[in-house]
Amino acid sequence: MDNQGILEALLYTSGDEGLEQKQLLEILELNENELDQLIDTYQSPGLVIQKFGTTYVLTTKKDASSYIEQLIEQKSKMKLSQAAMETLSIIAYNQPLTRSDIEMIRGINSDGAVKTLIARGLVEAKEVDHSRSHHLITTDLFLNVFGIESLESLPTTEEDDAEMDEFFSNLVNQKGDSNE
């Protein structure tokens, strides 16, 4: 693989945080002029390398912005059924827990709801040592969608009722009409 491919792979892997120039120089074993030349000659149909201070980030080209906006709008219209909302709140407040734990709490099979939540990226299954079952936990996307910084920010019964009502109205706003 050439240096341009390696540079692209590194910046893709680093995501939104990007990489410092110093890191790129060390990893690619280049000097500043060689790195500048590599970045200046980088070509991709949909991507561009941008520099913010001393940090390089792989971003999308401006021409793609209208398509990306459509994608973001579609994701923001993510609809969840009542069953999925109940299951999500059970996972959020009791994680990590297994599918059978959810079934015991809800009193009904929740496999469909769990699959929907995993497919939407709100929940993920992780393996736990000394357990045959996967344990379900919420993801960073869950935090992002519901506008909270950490699970500690979830409203609790000890907190003001208005805050809890606001959080659950946000959950209801995410709800759709399907039965999954």
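What percentage of the 180 residues of the chain count as buried? The share is 33%, where buried means under 20% relative accessible area, exposed over 50% and partly exposed in between (1.4 Å probe, protein chains only).

**View 1. The whole chain, a predicted model.** Local features here need pLDDT of at least 70, side-chain atom pairs count only at pLDDT 80 or more, and totals for chains, interfaces and linings use all residues. Residues are numbered from 1 along each chain as its sequence is written, and side-chain values use heavy atoms, with hydrogens and water left out. You will find nine helices and five strands, in the order α-β-α-α-β-β-α-α-α-α-β-β-α-α along the sequence. These are DSSP runs numbered from the N terminus: helices are H or I with at least four residues, strands E with at least two.

**View 2. Surface and contacts of the chain.** Among contacts (heavy atoms within 4.5 Å) with a separation of 6 or more, 50% join residues 24 or more positions apart.

**View 3. S110 in its loop.** Look for S110 between helix 6 (99–106) and helix 7 (111–119). S110 counts as buried because its relative accessible area is 4%. Beyond its neighbours within four places in sequence, S110 is in contact with T87 and I102.

**View 4. Polar contacts of the S110 side chain.** The side chain of R106 lies 2.9 Å from that of S110 in a polar contact (a pair of N or O atoms within 3.5 Å; within protein, one must be able to donate a hydrogen and the other to accept it, and residues adjacent in sequence count only if both atoms are side-chain atoms). The S110 side chain also reaches the backbone oxygen of I108, at 3.2 Å.
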